[in-house]
Amino acid sequence: LTLDAATIKEVGIAVDKLALRTLADELKAPGEVRADAYSTVLVSPRVEAQVLARKARLGDVVKAGQPLVVLSSVQVAETQGALIVAEQDWQRIAALGPQAVSARRYNEAKVQRDQARAKLRAYGLSDGQIGALLRKGSAGADGSFELLAPTSGRITTDEFLLGERVEPGRALFTLVEEDTVWVVAQMAPAEAERIRPGGSARILVHDNAIAGTVIGRSHQTDERTRTVPVRIEVDNRKDLLHPGELVEVRLAVGGSTQQLALPDEAIVLLQNQPTVFVAKGNGRFEPVAVMTGDTREGWTVIAQGLKPGDRYVRKGAFALKARLLRSQLGEH
């Protein structure tokens, strides 16, 4: 391709010299995306109950305090009734005052009311639900109650059926806060020894490089794979990573090397071959096939095809590719 000065300016072509660049040393490892266990909550009843109604479904994003399921329990019904009676008794005695009744009777009424409240809280009812029960009176003591979301997040499991009887501790929902995820890289023991908490990492997935931070490594080697898991925390607010995905991981190890590298945008694909446009002077640009290496922080290593000092098109390579393809079509 040969372009005049006006066209070069119009297309926005910028030329630079290829030079050695200092790049951080990295180790490669396969990885798997997992839910952040520190932001994952199992929602389960604390008392034997029967499922009456579903309020949320798989994949829903819920807020803390939002009803998830309606349950019914004989034990809850008994405690609801006990609280209503204890509350009425306490209100009557409190109105009389400690001077009108014995100290023992005064304290017994207060303790019975407080114990019934505490028992319902232990069964998983919130203060708001307990307050609503007391406002309804005996009509609300039917043993039904809503299990509320303890935190905000997305529902990733909901393994239960309507009408099913569930035991205390049986997980009905899994709530996951997806703003962060973990990536677990599997590394050879000798390489894992070089990784330190707080170190930087890059996750390569979907043609993106996502930054992460090492939060720890296991001190036990996996007996099956003979590798050491290294845990990386990744900001996932763009929802690019999902648990179960396999990814490539690059972990910084503190050192650096000098390598020939150029910006990613300077490389285009021509006939499925990485190509760089080299400036030959007098407005002439020649496509040169190259062999590329790792990509780090927007820079790609050039392993073969160019040498230091070569003048290459840093900006405008895609525009030159389009012009080249149009000229080739015109020849036919």
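The charged end of Arg 21 sits over the ring of Trp 299, 3.7 Å from the ring centre. Arg 54 lies over the face of Phe 160, at 4.2 Å from the ring centre. A charge sits over a ring if NZ of Lys or CZ of Arg is within 6 Å of the ring centre and within 35 degrees of the ring normal. This is a predicted model: local features need pLDDT of at least 70, side-chain atom pairs count only at pLDDT 80 or more, and totals for chains, interfaces and linings use all residues. Residues are numbered from 1 along each chain as its sequence is written, and side-chain values use heavy atoms, leaving out hydrogens and water.

**Aromatic pairs**

- The whole structure holds 3 aromatic pairs. Rings of Phe, Tyr and Trp (its six-membered ring) pair if their centres lie within 6.5 Å; planes under 30 degrees apart are stacked, over 60 edge-to-face, the rest tilted.
- Tyr 38 and Trp 182 pair edge-to-face, at 4.9 Å centre to centre and 85° between the planes. Tyr 38 is in the loop between β2 (19-35) and β3 (40-43), and Trp 182 is in strand β11 (residues 180-187), 144 residues apart.
- Tyr 38 is exposed, at 65% relative accessible area, whereas Trp 182 is buried, at 5%. Buried means under 20% relative accessible area, exposed over 50%, partly exposed in between (1.4 Å probe, protein chains only).
- Trp 90 and Tyr 106 also pair edge-to-face, at 5.2 Å and 70°.
- Trp 90 is buried at 9%; Tyr 106 is partly exposed at 21%.

**Nonpolar cores**

- The largest nonpolar core has 27 residues; Leu 68, Val 69, Leu 71, Leu 120, Leu 172 and Phe 173 have the most contacts inside it. Such a core is a set of buried Ala, Val, Leu, Ile, Met, Phe, Trp, Tyr and Cys residues joined through side-chain atoms within 4.5 Å.
- Elements that each supply at least two residues of this core include β6 (67-72), α2 (74-96) and α3 (103-122). Helices (H or I, at least four residues) and strands (E, at least two) are DSSP runs, numbered from the N terminus.
- Beyond its neighbours within four places in sequence, Leu 68 is in contact (heavy atoms within 4.5 Å) with residues including Val 43, Arg 54, Leu 147 and Phe 173.

**Helix α4**

- Gln 129, Ile 130, Gly 131 and Leu 133 are buried in α4.
- The buried residues of α4 pack against α2, α3 and β7.
- Gly 137 follows α4, with a positive phi near 80°.
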